[in-house]
Amino acid sequence: MIVAGIDIGSRAAKAVIMKDSAVIAATIGDTGPESVKTSYMTINSAMEGTGLSLDDIDYVVATGYGRVLVPFARENISEISCHARGINWYYPSVRTILDMGGQDCKAIRCDAEGHIADFVMNDKCAGGTGRFLEMIADVLGTQLSEIGDLALQSKNAIPFNTICAVFAKTEAIAYLRQGVTRSDILAGLNEAIATRCLNLLKKVSIEKEFTITGGIAKNRGMVAKIAERVGLEPLLAEDPQIIGALGAALFAQERYLGKETRKEAKIQYGYNDGTGDYFITIDLGKCDGCGKCVSACPASVFEVVHEDGREPKAGVAETARKRLSILCPGYRLCSSNHEINCRSVCQHGAISLTW
Ligand code: SF4
Ligand code: SF4
């Protein structure tokens with residue numbers, strides 16, 4: 001059994017391939033402007049040297065910001081669930097996760113099986129995200145990979161009034177002009193970010209065993225400040241950046257082996273049109289495979305698939321996935337032109353369409 005998890009994040013794309021429950025390959029690359037292209041490049045890079053082709057992989061689960069745009073994924077699952085599942089594989093004792101990604105920051109509480117108990121997300125402000133640190137590295141004229149160690153050299157962290165990206169940049173430039181060292185500026189920023197992380201973590205309650213996942217967990221200066229603020233040393237995975245992809249691979253393994261879980265799953269397909277994310281969600285637990293959505297959709301978006309002796313279930317047809325933004329204009333527009341549509345004919349309420 002060979003499965004894969006692919007995590008298309010806002011800044012980095014990651015993939016993990018597992019064979020018979022062991023990780024055999026992993027990769028991290030940049031997320032390009034086109035998620036579909038990025039997803040192929042990422043999985044191809046992970047397969048390099050393994051002798052595998054995409055056809056050899058039995059089940060792929062996608063996660064992350066661009067998860068709905070991975071054409072070869074059989075399913076997509078939120079990054080919150082995948083991070084919890086991935087870290088549970090490393091450290092089953094972990095109950096609190098701080099996921100510091102490229103564009104948002106999440107505090108997650110999970111149970112002993114890696115299921116979500118609670119989570120809170122900060123996606124309104126860039127402070128404490130990869131994007132924010134890239135901007136700061138740029139202002140300070142240093143490499144992103146160097147800022148963690150640079151901050152650790154600080155003797156006198158400068159207090160920052162804000163970590164709002166715009167104001168923090170102005171403050172950092174002002175300090176630089178006053179001759180403050182880059183390490184003191186970075187340490188001050190890390191302190192402000194760590195305080196914000198602590199407040200986020202408090203919302204889900206901090207349990208003793210905690211971890212940090214995401215690319216920022218590789219920043220030693222930031223991790224040290226968070227550990228100091230939280231008062232606990234985080235348990236860090238070997239590579240905290242691939243935890244989401246690892247969780248997706250573990251879900252893929254579970255889906256491939258177990259039919260029950262899949263029946264309860266919800267599958268999402270969608271696109272981003274610049275104004276927001278549009279999702280067509282199919283609740284497989286409710287879908288009986290009647291096929292009414294297939295004949296009702298004027299754009300031939302759906303198909304009903306009979307897989308490996310499993311119950312027939314609806315899904316967005318392979319051929320429609322890449323063109324979904326052209327085919328499906330959203331429920332409101334569709335229902336104003338077509339009295340009969342996917343949602344009106346689905347007697348079990350298995351389809352939801354959301355922006
Ligand atoms: S109409 Fe509803 S129940 Fe029937 S196949 Fe489509 S999603 Fe499933
Ligand atoms: S909203 Fe309309 S176009 Fe979109 S999937 Fe449903 S029936 Fe098809």
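Helices (H or I, at least four residues) and strands (E, at least two) are taken here as DSSP runs, numbered from the N terminus. The structure is a predicted model, in which local features need pLDDT of at least 70 and side-chain atom pairs count only at pLDDT 80 or more, while totals for chains, interfaces and linings use all residues. Residues are numbered from 1 along each chain as its sequence is written, and chains are lettered from A and ligands numbered from 1 in the order in which they are written.

The chain contains 14 helices and 14 strands. Its radius of gyration, taken over C-alpha atoms, is 22 Å, close to the 20 Å that the globule rule (2.2 Å times the number of residues to the power 0.38) gives for 355 residues, so the chain is as compact as a globular protein of that length. The C-alpha trace spans about 70 × 45 × 40 Å along its principal axes. Of the 355 residues, 45% are buried, a residue being counted as buried if 20 or more other C-beta atoms, placed from the backbone, lie within 10 Å of its own.

Strand β4 (residues 59-63) is mostly covered, with 5 of its 5 residues buried; Tyr59, Val61 and Thr63 lie on one side, and Val60 and Ala62 on the other. Strand β1 (residues 2-8) pairs with β4 in the parallel sense over 5 bridges, where pairing requires that DSSP finds at least two bridges between two strands. Within this pairing, Val60 is the bridge partner of Ala4. Strand β5 (residues 75-76) also runs parallel to β4, to which 2 bridges join it, and Ala62 stands opposite Asn76.

Ala4 is also among the residues that touch the most other members of the largest nonpolar core, which holds 94 residues, the others being Ile6, Val16, Ala248 and Ala249. Such a core is a set of buried Ala, Val, Leu, Ile, Met, Phe, Trp, Tyr and Cys residues joined through C-beta atoms within 7 Å. The largest share of this core, 10 residues, comes from α6. Helix α6 is followed by Ser205, whose phi is positive, near 70 degrees.

Elsewhere, 3 strands form an open antiparallel sheet in the order β10-β11-β14. Strands β10 (266-272) and β14 (351-354) stand at the edges, each with a single partner strand, so one side of each is left without a neighbour in the sheet. β10 and β11 (residues 277-283) pair over 7 bridges, and Asn272 stands opposite Asp277 in β11.

Note on methods. A residue is buried if 20 or more other C-beta atoms lie within 10 Å of its own, exposed if 12 or fewer, and partly exposed in between; C-beta atoms are placed from the backbone.
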